[in-house]
Amino acid sequence: MSVLVYIEPREGKFNKSAFELISYGYTIADATKSKLHVLVAGEASREAVAELGHYGASEIRHLNKTQHLDDSVSSNMVAGLAEIINAGIIIMPHNLTGRAIAPRLAVKLKAGYASAVIGIPVSYEPFTVIKKAFSGKSITKQVVKTSVKIVTLSQNTFGVIENVVQPVIEDFNFTETSHSIEVLSTDVQTGKVLLTEAEIIVSGGRGMRGPENWKPLEDLAEVLGAATACSRPVSDEGWRPHHEHVGQTGKVVAPTLYFALGISGAIQHLAGINSSKVIVAVNKDPEAPIFSAADYGVVGDLQIILPRMTEVFRKYKSGI
Amino acid sequence: MNIIVCISNVPDTTTRIKYKPGNKDVDYTGVQWIINPWDELALTRAIELKEAGTVKKITVITVAKADAEPTIRKALASGADEAIRVDASPVDAWNTALNLAEALKNEQFDLVICGVESSDYNNWSVGGMLAEMLRIPSVSAVTSLQIENSKPIITREVDGGRQQVSIKLPGLLIVQKGIAIVPRIPSMRGIMSARTKPLKVVTGVSGESLIEIVDYEAPPQKSSCKIIDSENLEMLAELLHTEARVI
Amino acid sequence: MNFEFTGEQLMIQQAARDYAQRELIQDVIERDTHSIYPERHVKALAELGFMGMMVSPEYDGSGMDTVSYVLAMEELSKVDASTSVIMSVNNSLVCYGIEEFGTAEQKEKYLRPLARGEKMGAFLLSEPEAGSDATSQKTTAEDKGDYYLLNGTKNWITNGNTAKTYLVIAQTHPEKGHRGINVLLVDRNSPGISVGPHEDKMGMRSSDTHSVMFTDVIVPKENRIGEDGFGFKFAMKTLEGGRIGIAAQALGLASGALERSVKYALERKTFGKEIAKHQAIAFKLAEMAVKVENARHLCLKAAWLKDQGKPYGYASAMAKYYAAETAMEVTTQAVQIHGGYGYVKEYHVERMMRDAKLTQIYEGTSEIQQIVISRELLHLH
């Protein structure tokens, strides 16, 4: 039996969530006395791939091209490798690719699939993981009963652990051809912090009062190197694009630091942010429910507080 | 074009979740049931396309016992033409997908649309599993759907942006927020016409689960919020660094 | 005996709730503050079928029962009573009156657009010197052979300016007292009609309330509803049903204020615990909940009787009286529970309290309802 971890570089590099996934795979392989295999799908330099060895990736297969196009074909690729290496546990990130491939892969391998798992399994025999239900209102323990198991890991729920090994890197060849999906156009910005991978998120709600007031929020985000986000009313009103909507029906995020600015904290919004490590709320209403979800709160008018806060963090950053 | 929309009957998203003694089952007494929000957006888009004339028929399908029928009727009232209820109590996502796949084998369709997840078990599974079981192509993270000359023009989210693709039919789309913005409220006319729209009940396949929930508990309570004086924001930076250790 | 709603009734309740919680809520404070007519909402609710919801589909209505109407009125009124009164007047006074007592031609011409909600209707009974007292009409409809000549002034008319169709109660034969009163269908654009300025009201500020003056307005004979002298009976029968609408509106104000109070009491902390955990607040909430439930039962009972074709005047008077009194009491308590926050607009309950006051006054004051109830109780007719 072996453990297979699937990761993708982004813009040629690996971020913290990739290292976390390798660390996670290493820990599970160690606990189940299995061998860890890593499949890297995407363009990256050999040096970047070799860095994965810091976290325990000893056996790496590298598909050095970016080509995820057709979920069916991509899941075929992973299934093929899983069979060759006799993978008992397959670990994928809970991101766009992981979520797209894992369910199809589960059917191909008749494997039980636990998505958005939190941290390390609580038991290996039976294989039991922790997972949220009811959008964070419940925490469940779930047993994966099949011999092959697939999990996608919620970001920032395990952490990065160094286990320096000397990796063996092998080229992996797979040519994806799709007869089913045709790409018409692609519009991708590079160099942007992805909301779902961001360490810090600065998010605005209706309390921001209008799209014209977003500049100070963007300034704060820039100072902190953060991604920007918003609550549902803000995206529904068209103040901000829908891909920035964080909450139950929007994106579920798990940054280490989340700023909720002028967000009252409806239960649907909390469902999208309750995996954040630390939440800072600013609201003029001291009774706003966001304060019962937040770790730190500031009560007052955003138009005054926001620029001041940006200045404080700017000074703070330059002082470090 | 004929569209199938898969819908799930879930507790209202504002429901406070309680458990039966032993914490192995959820106590659903007094719960208000709704169409899973993502499925409702999928249905809304299908209805918009039908009104635009590019979709001929919308069929909603769900795997549930008879108590889900109010939710099915609501989908019909909102604008679906027909409904199928697969009579089974699904035991996990796999089992749900299997029941849908078995029922859909007998149906004529061009496109199946599933919400990206359900707000009860958050499994992110059924759409992809169903596509694989039906052996049809799928596109996930779909944020918009147009139909031009009987060809679906799909926008999907990709890292850092979006991509426009088309899919060979029959195909399956896994949709998220953006596919529609505000769910359709059924009109009285719709509610009246739902009375006579066909609702077919088919027998489900027996329950084999690959995943089993063995325990539920409430999430840990957050410790209370520290209020920082708005005149002393330096304190916030200080605490985030020394106490929370996040900057 | 059965307390279950049908699937359709629940669906209508849900549709009304969704619309109210998603749409009405967005601009309700602004519309109240600046007395802005909810044009967008009236149009949207018409498209959903709420504006003629009890009219038969034969005349482009939705054909729903009165129980559904109560459920819908309650949900909309939880958020915005100004919009719900527009709906109530159109449904239970104007549409009902024409459908029940009008001729096929009158229904064809007037009911259809009203039921579709393309046009709004208004019910013109109150006068400067006669509020709820329908017997002493000063407005006259002089019989000129082929037509009536309408003169006089009507006050506090909901939809007074926006309505396209007026139902006007006027005296034709003063010597016959209330048996000389007629009801006429009058086109808003008829020559001789002038509409007074928008009333600057304490509550229900987003509804359109005006006085309407008639000077030698010519109304064709065929626009009279019923026999000559039917007007008083028409007004009484129509108001019987109208009371159910206003009772349901009052119920919605009360239950909406209760919902807000419960939510607030569970969030707001004083002395280290949620105020809901202080008995003074918890008992107050219990009292409010009992009254709201009582009001709801009275409303539904009256609606059910109407749907069964049974006499419902006594029940609808009780529902209107009790629900209005409850609305005033519960909204006042809601402001109290909210403390200082309750006194500012952002928390909604102060508006609900102002709106609630009107439910004790219009479509028959609480005192008029007490008269109706006591006469029936004491067999004094």
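Start with a question: is B:Glu102 buried, partly exposed or exposed? B:Glu102 is partly exposed, with a relative accessible area of 34%. Buried means under 20% relative accessible area, exposed over 50%, and partly exposed in between (1.4 Å probe, protein chains only).

Some ground rules. This is a predicted model: local features need pLDDT of at least 70, side-chain atom pairs count only at pLDDT 80 or more, and totals for chains, interfaces and linings use all residues. Residues are numbered from 1 along each chain as its sequence is written, chains are lettered from A and ligands numbered from 1 in the order written, and side-chain values use heavy atoms, with hydrogens and water left out.

Back to B:Glu102. Its salt-bridge partner is B:Lys105, with the closest N and O atoms 3.1 Å apart. By salt bridge I mean a side-chain nitrogen of Lys or Arg within 4 Å of a carboxyl oxygen of Asp or Glu. B:Lys105 is exposed, at 53% relative accessible area.

Over all chains, the search finds 65 salt bridges. One of them pairs A:Lys110 with B:Glu208, closest N and O atoms 3.2 Å apart. A:Lys110 sits in the loop between helix H4 (96–109) and strand E5 (112–124) of chain A, and B:Glu208 in the loop between strands E13 (199–203) and E14 (211–217) of chain B, so this pair joins two chains. Helices (H or I, at least four residues) and strands (E, at least two) are DSSP runs, numbered from the N terminus. A:Lys110 is partly exposed at 39% relative accessibility. B:Glu208 is partly exposed, at 39%.

Now chain C. C:Glu75 bridges to C:Lys78, closest N and O atoms 3.1 Å apart. They are three residues apart in helix H3 (residues 66–79), so about one helical turn separates them. Elsewhere, salt bridges with shared partners link C:Glu23, C:Asp27, C:Arg31, C:Arg40 and C:Asp80 into one network.

Last, the domains. Chain C splits into domain 1 (7–116), domain 2 (121–232) and domain 3 (236–377); the bounds come from an automatic or database domain assignment. How many salt bridges cross between domain 1 and domain 2 of chain C? Zero, by the rule. Between these two domains of chain C, 22 residues of domain 1 are in contact with 22 residues of domain 2, contact being heavy atoms within 4.5 Å.
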